[in-house]
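I set out to look up the pocket, the nonpolar core and the aromatic rings in this structure. My entries follow.

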Amino acid sequence: MLSPKKVKFRKRQKGRLKGKAQRGSTIAFGDIAIKTLEHGKLSNNQIEAARVAIMRHIKRGGQVWIRVFPDVPVTAKPAEVRQGKGKGSPVGWCAPIKPGRILYEVKGVDIELAREALVRASHKLPVKTTIVVKEGL
């Protein structure tokens, strides 16, 4: 699973996701990509599940780029614990996502095969997505 090697602080406040993605909103490496249409948070498990779905469908041909990284800690309190007594322990990592963000890019395989692989990957994600193709293809 993806996770940072080192962080400055173990716990972080949630914050709010507003606006559209400023960075990472254009295809930079591949020919075809998944782009988000709404705000959300992707856990490291969801990112990995979508990556595995892409790799299995293209049978490890071509190249896949993951354009998001889960660097925000997620905390949770144990089950059946009363409220109060501070913030829970870190349990995982997530990547905050804004609309317009490119999540995965694929290159080196047929466009139709890549499109089907990205559709399968989008079923693993909790946000609405669309498939975009690089201009000139």
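Entry 1, pocket lining. In this predicted model, I find that strand S5 (residues 89-97) supplies the largest share of the lining of the largest pocket, namely three residues. I count 16 lining residues in total, and Arg23, Pro96, Ile97, Lys98 and Arg101 lie nearest the pocket centre. By class, I note eight nonpolar, seven charged and one polar residue in this lining. I record about 310 Å³ of space in this pocket.

I looked up the largest nonpolar core, which has 20 residues. Leu42, Ile54, Leu103, Tyr104, Val106 and Leu118 have the most contacts inside the core. I see two or more core residues from each of strand S1 (32-36), helix H1 (44-57), S5, strand S6 (102-107) and helix H2 (111-122). H2 gives the most, with four residues.

I set aside its neighbours within four places in sequence and listed the contacts of tyrosine 104. Among them are Ile32, Ala33 and Ile34, as well as Ile54, Trp65, Leu118 and Leu125.

I find one aromatic pair in the structure. Phenylalanine 29 and tryptophan 65 are stacked, with 5.7 Å from centre to centre and 20° between the planes. Phenylalanine 29 lies in the segment before S1 and tryptophan 65 in strand S3 (residues 63-66), so the pair ties together parts 36 residues apart in sequence.

Technical notes
Residues numbered from 1 in each chain as written. Predicted model: local features only at pLDDT ≥ 70, side-chain atom pairs only at ≥ 80, totals over all residues. Heavy atoms only, no water. 1 Å grid on protein atoms, 1.4 Å probe; cavity = no way out; pocket = protein on both sides within 12 Å on 5 of 7 lines; lining within 4 Å. Points joined across faces, edges and corners; volume = space filled by probe spheres on them. Nonpolar A, V, L, I, M, F, W, Y, C, P; charged D, E, K, R; others polar. Core = buried A, V, L, I, M, F, W, Y, C linked by side-chain atoms within 4.5 Å. Buried < 20%, exposed > 50% of the residue type's maximum accessible area, 1.4 Å probe, protein only. Contact = heavy atoms within 4.5 Å. Phe/Tyr/Trp six-rings, centres within 6.5 Å; stacked < 30°, edge-to-face > 60°.
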